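Please prepare a short briefing on charged pairs and the nonpolar surface for a reader who works with computed models.

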Amino acid sequence: ADVITLANAVVGVVAMTAAVLGNVTVVAQLILLAAVADGLDGIVARTHGGTAVGPYLDSMADIVSFGTAPALFVFAVANDVWESLGDEPLLFVAAVGVASLFVVFSLVRTVLYTVYVGEDETRPGIQNTLASSIIAAAYLAGLTAVPVLLAVTVVLSVLMVAPVPYPKLAARDALVMGIVQMGAIIDPAAFDSLFPRVLLVAALAYLTLAPRYYW
């Protein structure tokens with residue numbers, strides 16, 4: 001499980017590198033791949049056991065893959081669509097501000113995740129994995145309008161620290177989501193972007209319904 005967690009962190013670093021190079025579609029795919037690894041390490045840990053450092057490694061890897069990498073992704077998309085972003089101070093500040101907000105709230109959410117765990121494993125705020133997956137899936141599904149993407153990122157950032165308990169995703173559902181995620185990773189444009197759209201709908205359903213109706 002720890003090896004998979006470290007692989008998650010490696011994927012996050014590769015995603016950040018791709019963001020610096022401006023390969024935004026690749027970044028979105030890598031964020032989803034990191035999410036698959038994040039779900040897989042939990043399944044392996046529950047099935048075969050894990051080490052005492054596993055939860056801490058998982059938290060640190062999440063900051064890389066679901067904090068910094070998505071923030072750089074959002075900035076890279078803005079830089080790609082808004083050409084000469086560095087020559088437009090207001091647009092530059094907006095993109096950097098939203099990216100920074102996501103990193104900070106993802107970090108805070110990771111701390112809350114570690115400290116405040118309910119008896120039924122509910123945790124406050126949406127998972128940064130979920131927030132990152134929504135951003136990546138939305139882009140792969142066709143959401144390329146930068147103002148909308150920035151607004152979505154701000155909303156998801158706030159939801160990561162909202163005092164709403166979210167249940168842990170069951171292994172059966174994590175497996176199904178992983179299959180859909182792999183489809184979005186391998187060929188996001190297949191069947192008119194079917195896989196990222198299905199992933200986006202499922203993620204939004206969990207976002208809105210899970211606190212009350214997740215079984």
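In which helix is Val93 found? Val93 lies in helix 4, which covers residues 89-115, helices being DSSP runs (H or I) of at least four residues, numbered from the N terminus. This is a predicted model, in which local features need pLDDT of at least 70 and side-chain atom pairs count only at pLDDT 80 or more, while totals for chains, interfaces and linings use all residues. Residues are numbered from 1 along each chain as its sequence is written, and side-chain values use heavy atoms, with hydrogens and water left out.

**Nonpolar surface**

- Phe92, Val93 and Val96 make a nonpolar surface patch of about 240 Å², a patch being built from residues with over 30% relative accessible area and no salt bridge, with nonpolar side chains joined within 5 Å.
- Val93 has a relative accessible area of 55% and is exposed (exposed means over 50%, buried under 20%, and partly exposed in between, with a 1.4 Å probe and protein chains only).

**Salt bridges**

- The structure holds two salt bridges, each defined as a side-chain nitrogen of Lys or Arg within 4 Å of a carboxyl oxygen of Asp or Glu.
- Arg172 pairs with Asp173 in a salt bridge whose closest N and O atoms are 3.6 Å apart; Arg172 is partly exposed at 43% relative accessible area, whereas Asp173, at 17%, counts as buried.
- Asp192 forms a salt bridge with Arg197, with the closest N and O atoms 3.6 Å apart; Asp192 is exposed at 55% relative accessible area, while Arg197 counts as partly exposed at 39%.

Technical notes
Patches are made of residues with over 30% relative accessible area and no salt bridge: like charges are joined within 9 Å, nonpolar side chains (Val, Leu, Ile, Met, Phe, Trp, Tyr) within 5 Å. Accessible areas come from the Shrake-Rupley method with a 1.4 Å probe; for residues, only the protein chains shown count as cover. Helices (H or I, at least four residues) and strands (E, at least two) are DSSP runs, numbered from the N terminus.
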